[in-house]
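Me: I would like to go through this model by question and answer, with the cut-offs stated.

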Amino acid sequence: MTLYLTQDDVKKVLDMPSTIQAVEDGFREMGKKAIEMPPRVYLHFPKGVLIAMPAYMPGLGAAGTKLVTVHPDNKKEHNLPAVIARIILNSPENGLPLAIMDGTYITALRTGAAGAVGIKYLANENSEIVGLCGAGVQGRSQIMGLMEVRKNIKLVKVFDIIPNTLNAFIKEMQELYTSTKFVPVNNPEQATIDSDIIITCTPSPTPFIKGEWLKKGAHVSAIGADTAAKRELETSVIKKSDKLVVDFIPQAFVVGDFAKPKEEGVVSESNIYAEMGEIVSGLKKGRISPTENTLFKATGLAIEDVGTACKVYELAKKKGIGVNLQS
Ligand SMILES: NC(=O)c1ccc[n+]([C@@H]2O[C@H](COP(=O)([O-])OP(=O)(O)OC[C@H]3O[C@@H](n4cnc5c(N)ncnc54)[C@H](O)[C@@H]3O)[C@@H](O)[C@H]2O)c1
């Protein structure tokens with residue numbers, strides 16, 4: 001029997017603390033080299049792509065594949081979301097598909113959780129001021145993740161290129177997090193200057209954060225650039241960072257934030273201080289001084305999806321949520 005879970009079902013059982021736990025567990029297994037995660041496989045359609053992302057974590061008993069399609073014009077042409085994802089979980093024991101579930105909400109939450117793990121290990125403990133660029137789906141989940149791992153955030157300065165989107169985001173976040181002040185700012189420079197943590201989560205094709213705006217000790221969480229065509233950080237940000245941390249070295253050097261500085265001869269794989277898994281598993285230290293400048297570049301990993309889906313499956317079974325499908 002296979003458990004089928006809709007997006008509403010997933011939302012009923014999954015919260016940010018359990019997602020952070022699942023993502024952190026996945027990074028730990030990766031640090032111990034106890035995972036199998038082949039490179040993503042792509043199919044190229046006229047108006048989009050299909051990406052298959054399989055992962056197996058023997059230590060967690062988790063195996064499965066995310067199938068995600070990205071069709072940027074879907075909303076306009078078909079009134080469908082641009083990103084549509086499903087995750088199939090398989091039993092490592094006998095291969096049976098244990099569950100098929102919506103993967104869109106899991107993608108949003110696990111990415112916020114990955115950013116939060118970066119902040120947990122790399123940002124200053126007493127961080128108070130945050131700059132956020134990109135007030136979309138990721139803007140929301142990055143804030144949700146941040147609030148779980150830093151409890152003293154007093155001010156979040158938000159920038160988005162669409163004023164209405166920015167204002168709606170400020171209103172929504174202010175209602176959710178009443179002890180933090182959310183303010184709109186006019187440009188990425190205002191978001192960055194004086195901030196302890198800078199989060200970028202936009203699909204921008206051109207970089208907009210400069211190294212000279214970063215204060216000493218700042219942490220940058222670079223989330224948005226997940227393809228070669230996207231880039232949020234100018235090369236000066238890479239140069240300014242004392243610790244460059246990525247989720248997965250081969251993927252990091254394909255996306256704009258690192259691919260372009262590599263072309264310029266500014267950075268190569270040997271300049272990466274650690275993959276996040278090495279830090280979470282204790283092989284390497286995270287932040288060691290309040291004045292270090294740190295950068296975490298997240299590109300998104302199948303272990304994050306499969307680990308989170310496994311958590312959803314366990315919680316849904318416990319609560320009797322979902323529909324059982326016969327084979
Ligand atoms: N690293 C990962 O694992 C991962 C996972 C999911 C999504 N992403 C990427 O994150 C990015 C954001 O995804 P989303 O789902 O939040 O998209 P979204 O469309 O919901 O939100 C993006 C927001 O960024 C704003 N924006 C665009 N260019 C900007 C700029 N130059 N400066 C400031 N704001 C700008 C848009 O107006 C929009 O409000 C995308 O590139 C997406 O592919 C990465």
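Predicted model: local features only at pLDDT ≥ 70, side-chain atom pairs only at ≥ 80, totals over all residues.

Residues are numbered from 1 along each chain as its sequence is written.

Me: How many helices and strands are there in the chain?
Reply: Helices (H or I, at least four residues) and strands (E, at least two) are DSSP runs, numbered from the N terminus. On that basis the chain has twelve helices and 15 strands.

Me: What radius of gyration does the chain have?
Reply: The C-alpha trace spans about 60 × 45 × 40 Å along its principal axes. The radius of gyration is taken over C-alpha atoms, and the globule rule is 2.2 Å times the number of residues to the power 0.38. For 327 residues a compact globule would come out near 20 Å, which agrees with the chain's value of 19 Å.

Me: Which helix supplies the largest share of the shell around the ligand?
Reply: Of the 26 residues around the ligand, Gly136, Val137, Gln138, Pro203 and Gly300 come nearest. Helix 4 (104–122) and helix 5 (137–149) each give at least two residues to the shell. The largest share, three residues, comes from helix 5.

Me: How many charged residues does the shell around the ligand have?
Reply: Ala, Val, Leu, Ile, Met, Phe, Trp, Tyr, Cys and Pro count as nonpolar, Asp, Glu, Lys and Arg as charged, and the others, Gly among them, as polar. By these classes the shell has eleven nonpolar residues, twelve polar and, as charged, three.

Me: Are helix 4 and helix 5 oblique or perpendicular to each other?
Reply: Axes are lines fitted to C-alpha atoms, for helices over the stretch in contact, and angles run from 0 to 180 degrees between N-to-C directions. Angles under 35 degrees count as roughly parallel, over 145 as roughly antiparallel, 65 to 115 as roughly perpendicular and the rest as oblique. The axes of helix 4 and helix 5 are 7 Å apart at an angle of about 45°. The pair is therefore oblique.

Me: Which residues of helix 12 make the contact with helix 4?
Reply: The axes of helix 4 and helix 12 (residues 302–319) come within 10 Å and cross at roughly 115°, so the two are roughly perpendicular. Residues are in contact if their C-beta atoms, placed from the backbone, lie within 7 Å. Helix 4 contributes Ile106, Thr107, Leu109, Arg110 and Ala114, and helix 12 contributes Glu304, Asp305, Thr308, Ala309 and Val312.

Me: How many nonpolar residues are in the contact of helix 2 with helix 4?
Reply: Helix 2 (residues 16–31) packs on helix 4 at about 65°, with the axes 8 Å apart, and the two are therefore roughly perpendicular. Helix 2 brings Met16, Thr19, Ile20, Val23, Glu24 and Phe27, against Leu109, Arg110, Gly112, Ala113, Ala114, Ala116 and Val117 of helix 4. Two of the contact residues are polar, two are charged, and the nonpolar ones number nine.

Key. Near = placed C-beta within 6 Å. Contact = placed C-beta atoms within 7 Å.
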